[in-house]
Amino acid sequence: MASEPGPLVGLHRLEFDTSEGYAAVLTLDLHPIFRNTRAVDLALREIVFRAAATGEDVVEIIPGKGSGQLKRRVLAFLNQPPIRKLYVRVESDASNTGRVLVHFK
């Protein structure tokens with residue numbers, strides 16, 4: 001029996017010049033795991049703590065457009081007091097509603 005892939009199967013790291021104001025972005029695409037609520041929670045927790053511990057500038061979370069239920073869940077997770085202490089601000093991309101940017105110190 002094949003084991004299920006780890007929660008961060010959709011994790012990518014992008015590095016580019018500072019034309020947008022930041023040099024490194026961790027990206028978490030939730031499309032591969034959106035049906036597994038436990039995997040989504042674990043992936044969100046892992047990427048936020050990893051970014052805070054390693055000093056990342058921005059984490060890009062891609063819940064997708066769909067009905068917006070997964071995006072609301074991501075925003076509710078980020079709004080929890082212990083998680084909120086780890087980042088500076090959250091923004092929903094105006095040009096792409098299926099993307100959430102989390103800015104760290």
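Helices (H or I, at least four residues) and strands (E, at least two) are DSSP runs, numbered from the N terminus. This is a predicted model, in which local features need pLDDT of at least 70, side-chain atom pairs count only at pLDDT 80 or more, and totals for chains, interfaces and linings use all residues. Residues are numbered from 1 along each chain as its sequence is written, and side-chain values use heavy atoms, with hydrogens and water left out.

**Overall layout**

- The protein chain holds 3 helices and 5 strands.
- Read from the N terminus on, the order of elements is β-β-α-β-α-α-β-β.
- Of the 105 residues in the protein chain, 38% are buried; buried means under 20% relative accessible area, exposed means over 50%, and partly exposed lies in between (1.4 Å probe, protein chains only).
- Among contacts (heavy atoms within 4.5 Å) with a separation of 6 or more, 57% are between residues 24 or more positions apart.

**Helix α1**

- α1 has 18 residues and spans 26 Å from its first C-alpha to its last, close to the 26 Å expected at 1.5 Å a residue; the expected span is 1.5 Å times one less than the number of residues in the helix.
- Its buried residues are Ala39, Val40, Ala43, Leu44, Ile47, Val48 and Ala51.
- Seen down the axis of α1, these buried residues fall within an arc of 155 degrees, so they line one face of the helix; the arc is that of the directions from the helix axis to the C-beta atoms.
- The face turned away from the buried side of α1 carries the exposed residues Arg38 and Ala53.
- Just after α1, glycine 55 has a positive phi of about 75 degrees.

**Nonpolar core**

- A nonpolar core is a set of buried Ala, Val, Leu, Ile, Met, Phe, Trp, Tyr and Cys residues joined through side-chain atoms within 4.5 Å.
- The largest such core has 22 residues, of which Leu30, Leu44, Val59, Ile61, Leu78 and Val102 touch the most other members.
- Two or more core residues come from each of β2, α1 (37–54), β3 (58–62), α2 (69–78) and β5.
- α1 gives the largest share of this core, 7 residues.
- Isoleucine 61 touches Leu28, Leu30, Leu44, Val74, Leu78, Gly98, Arg99, Val100 and Val102, leaving aside residues up to four places away in sequence.

**Strand β5 and its partners**

- Two strands pair if DSSP finds at least two bridges between them.
- β5 pairs with β3 in the antiparallel sense over 4 bridges, and valine 58 has histidine 103 in β5 as its bridge partner.
- β4 (residues 89–92) also runs antiparallel to β5 and is joined to β5 by 4 bridges; serine 92 stands opposite valine 100 in β5.
- In a regular strand the side chains alternate between the two faces of the sheet.
- In β5, Val100 and Val102 point one way, Leu101 and His103 point the other way, and all are buried.

- Leucine 101 lies in β5 (residues 100–103) and counts as buried at 6% relative accessibility.
- Leucine 101 touches Val58, Val59, Glu60, Arg89, Val90 and Glu91, not counting residues up to four places away in sequence.
- The C-alpha atoms of leucine 101 and glutamate 91 are 5.2 Å apart, although the two residues are separated by 10 residues along the chain.
- Threonine 27 belongs to β2 (residues 24–29) and is buried, with a relative accessible area of 5%.
- The side chain of threonine 27 makes a polar contact with the side chain of glutamate 60 (2.8 Å); a polar contact is a pair of N or O atoms within 3.5 Å, where within protein one must be able to donate a hydrogen and the other to accept it, and residues adjacent in sequence count only if both atoms are side-chain atoms.
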